[in-house]
Amino acid sequence: MSTTTNTATKPPAQPPVVKTYSDYGRPLWRRILLTREMAIVALLVAVLVVASIQLPRFATPLTMTNLLLDVTPILLISLTMAPIMITGDIDLSVGSMVGLSSVVVGLLTHSGWSIPSAGLVAILVGAVGGVVNGLLVTRFGLPALAVTIGTLALYRGLAIGLLGTTAITGFPRYWTQLAKSKIGDTGVPAVMILFAVLLAVFVVILHFTSFGRGVYAIGLSKDAAAFSGIHVARTRVILFVLSGAMSALAGVFYTLRFTSSRGDNATGLELAVIAAVVLGGVSVFGGRGALHGVVAGVLLIGALSNALRLAGVTSDVINIITGVLLVGSVIAGSLLQWIQSRRVRPATTAASA
Amino acid sequence: MTHGTLRTGLRAASAVAALSLLLAAGCSSSTATSGTSSASKKANLAITFLPKNLGNAYFDTSDKGGKKAIDELGGTYAEVGPAAAAPDAQVQYINTLTQQGVGGIDVSANDKAAICSALQDAMTAGVKVVTYDSDTNPECRNLFINQATADGIAKVEVDMIAKQINDTGEIAILSASANATNQNAWIDLMKTQLASSHPNIKLVDVVYGNDDDQTSFDKTAGLLSAHPNLKGIISPTTVGITAAARYLSTSSAKGKVMLTGLGTPNQMRQYVKDGTVTAFALWNPADLGYLAAYATAALIKGDITGKTGDTFTAGTLGKFTVGANNTVLLGDPYQFTKDNIDQFNF
Amino acid sequence: MNSAASRVLGVLRSREMGILLAFLLVVVLGTLKNPSFVFSKDGWHDLLITPSILLVVAVGQAIVIITRNVDLSVGSMLGLTAYLAGTIFVKYPSIPWQLVFLIGLAFGGFLGLINGALVGYGKVPAMVITLGTLYAYRGINVAWTGSNRINADQIPQGLQAVGNNSILGIPILTIIALVILLVAAWYMRNMRSGREMYAIGSDPDAAELYGLAKRRRVITAFVVSGAMSGLAGVLYTARYATINSQAGYGFELDAIGAAVIGGVAIVGGSGTVVGAAIGAFLLYTINRALPVIGIPDFWQKAVVGALILGAIVLDRVLAVRQSRKLRETKVETTNETKEVAA
């Protein structure tokens, strides 16, 4: 809405016409660079640089391989966790779905199925789990936190119940080697290609389609989104289904990488995913967040853990740092908001910096 | 949300400063030496012990034995491990050790296949891999240091419980984690021996305490309530037998349900003295760790390659020969009773 | 007062009583299969004592959930306090264990205060804050413990007796838990600050507009939850007497599950600590009864998950029915008023 001047009566010395969308009131470079997500990216770069300088063995292909293989499940699941949290929901059952999918893969391969077909069935199971989550949340109007706490226990219980306390450890060598294989000599695992493809898909979906705009709209206000014609329930269910399927895919990878299918695989993974996603700038209240921040958040925690472990710092300190980082980053956001609200705002029509 | 340039810059700068301090502190406490490839002139005697989990009395003793050996050899000792006995946790440690370029890893495996590819990566990078106490698949390690033959361990426990319950009745087994290679080997042999030599003893249940004290404690309670006619419990894990003994000693089953298995004298002393347990077995875990360290050093120095028939000297323990399947045997299990338990301190 | 009493009875009939009946059903099933499940000294002892530690934590968790928050860090707080208690006994072997109880309560309350302050002042959802403190406290615990472990011979016999003995057939731990439950239940029902917590959970904005000290109540709720976790840590030391860095790992899900199954709505504003206590008993008794009935105990978690889902669906159905009933009474009253006015 730009102000128009009446040519008949021209008032003297009008201030210049400016757009009043604060989103577009700043130059492009500022909009891209001065965001919460970029702060995390900057932090990630800083960690990588400092670690490479301080630890002679950090900047090696082996490190990159270990780091990326370690965080691959979290990277994959964060792609779907981010949109869910942007809509204001949450999915705590992802770790249990990884375990359940791992058990499904193990049981099927044990009875003679091939890995690709077992993997497909596992992803299907994940999708079904997502449908259960989505229906309970939309049809019954239950809070996602409660539903996914219940399905966390249920899916984990099914995984442990199906397999008991044993583990299945014989997998075709071709596939387990493929899961850990690298691209040439670079040390980058081949599974990163899969991740890159999925990342591109989700970036397009979230940031360049109307479905993605709908996701943000739902997070900002469900009612407003519904009145704007967005099919809120269908969107939420789709996101839960995607989350279940993606967790199952991560479970297939996890099983092949560790060559071990156990009922208690990936216990606690959901917390790591949420911590990384929140660190990456997604607001728990919904409506805000971007995928580049999320990826940076996951890599940041992964790089920190790897560097500290290499330096001989024990893994518990890494947990303390993760916890403090998580709390600090969300508090910092609140704090900045509070500081800004205390500043006296000049009453002009021009967009202020 | 808008952020001021200054604020974002300040945040990034302070984060970098904090991280540099943190990493500097971390570096100064680093225990890994700067061992290069195994082709270096001086043998890289940085050996790290990776037990099933930390906070376990049995591994405390064994790894201390390893430390003693490494000190005698002039190497560098380190011990790392997960807090809970899970195989995937061990994988991360193995990867880090490979990255750090240690000379040798001595590991007690939580699962015989899950840590295999990480160990193979380590071996490809020149690290010598020796398993002790609990083995992996043979292609993932250079040597396995076995405390006693699996047969011998199973037999001594079965014989003890048979004697304690007069060769008749129901028994159960309280094991560690369901995947631990050594546990499964012993349990299978126990089942065979029970079937062939003790037809009047019936094994009614096998439960898993995961080498966690609280879980083992609660599982013992569960066993007693689910099987009212239980006469004996075998617990071939030091954490399990201690927890079970503690439960039994304050319950009405004390003296009625017999308990035996593998335990350390220090942890079991009060229960032997108060009558909850009459006899249990073990070997000297310190000797096990000692032997493992010497074997690893011999591999690193190139004295042996790990194939059957190789011989090496393990300090004060004497000469050892590598047996079939690249295994080195420590000795025989030893029975502890209230008559001899005070002679030991581990 | 009569209508209030009948209303109270009606609430009991729909929720807490239902859970209690479910609990009794499980006990009966277990006893039918194996009479010593209950009718033996050990069976009775285990029936009462095993859920007692969870009960204490579930009470604190229920209070937090009632205010429309959640405390994910209770397991880590329990573990940290348990290790602290153990370390105190190792350093000062002759310290009276009653003092350690108080230290545990105070330390837990302090940890809870950190949670509460961050939630109250930070305007960040409790889930995120307590997720962070879950990591941080557990990390501190593991870093402090290293590869140490506190053994049973380092814990004074007096405390272990408290953890394992009974008075008049009821385990001391259960008595302690029941006392805590009674105090908490009375507070939440009769004290104004307790009722205000319900209000804050029902509708935080309305509560704030009404002038309730929302921040103070929320912080209090977290302090109570922390103190309960701290006390549970000392009780853990008394009962198990062997502490490593993993004590209490994963306990928070049991606590939330117990509260939810016991009728505490996750959106806040309803439910009672008595319900959470019965939920704790139900949860752990099912765990113990499954192997007796013959279901392998690794199906426990699935059963628990199904129960939690069932409980929240039931909650929702009941809440919808209740609001419909309220709307209908309102319409009736309005119609009556209209008739009278007309």
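This is a predicted model: local features need pLDDT of at least 70, side-chain atom pairs count only at pLDDT 80 or more; totals for chains, interfaces and linings use all residues.
B:Asn326 sits in the loop that joins strand S12 (319-321) to strand S13 (327-329) of chain B, and, although it is not a glycine, it has a positive phi of about 55°. Most residues other than glycine have a negative phi.

A second residue of this kind is found in chain A. The phi of A:Ala266 is near 60°, again a positive value in a residue other than glycine, and A:Ala266 belongs to the loop between strand S2 (261-262) and helix H12 (269-279) of chain A. A:Ala266 is buried as well, with 29 other C-beta atoms within 10 Å.

Returning to chain B, one can follow its division into domain 1, made of residues 46-148 + 285-334, and domain 2, made of residues 150-282. The C-alpha centres of domain 1 of chain B and domain 2 of chain B are 27 Å apart, and the contact between them takes 21 residues from domain 1 of chain B and 18 residues from domain 2 of chain B. On the side of domain 1 of chain B that touches domain 2 of chain B, helix H2 (residues 57-73) of chain B gives the most, with 3 residues, while by class that side of domain 1 of chain B divides into 9 nonpolar, 6 polar and 6 charged residues.

Chain C touches both of the other chains. Its contact with chain A takes 40 residues from chain C and 37 residues from chain A. On the side of chain C that touches chain A, at least two residues each are supplied by helix H5 (97-122), helix H6 (126-145), helix H12 (251-261) and helix H14 (300-341) of chain C, and the largest share, 14 residues, comes from H6(C). This side of chain C has 29 nonpolar, 7 polar and 4 charged residues.

Towards chain B, 24 residues of chain C are in contact with 21 residues of chain B. Helix H3 (41-66), H6 and helix H13 (273-293) of chain C are the elements that give two or more residues to the side of chain C that touches chain B, and here the largest share, 4 residues, comes from H3(C). The side of chain C that touches chain B has 6 nonpolar, 11 polar and 7 charged residues.

Note on methods. Residues are numbered from 1 along each chain as its sequence is written. Chains are lettered from A and ligands numbered from 1 in the order in which they are written. Domain bounds come from an automatic or database domain assignment. Two residues are in contact if their C-beta atoms, placed from the backbone, lie within 7 Å. Ala, Val, Leu, Ile, Met, Phe, Trp, Tyr, Cys and Pro count as nonpolar, Asp, Glu, Lys and Arg as charged, and the others, Gly among them, as polar. A residue is buried if 20 or more other C-beta atoms lie within 10 Å of its own, exposed if 12 or fewer, and partly exposed in between; C-beta atoms are placed from the backbone.
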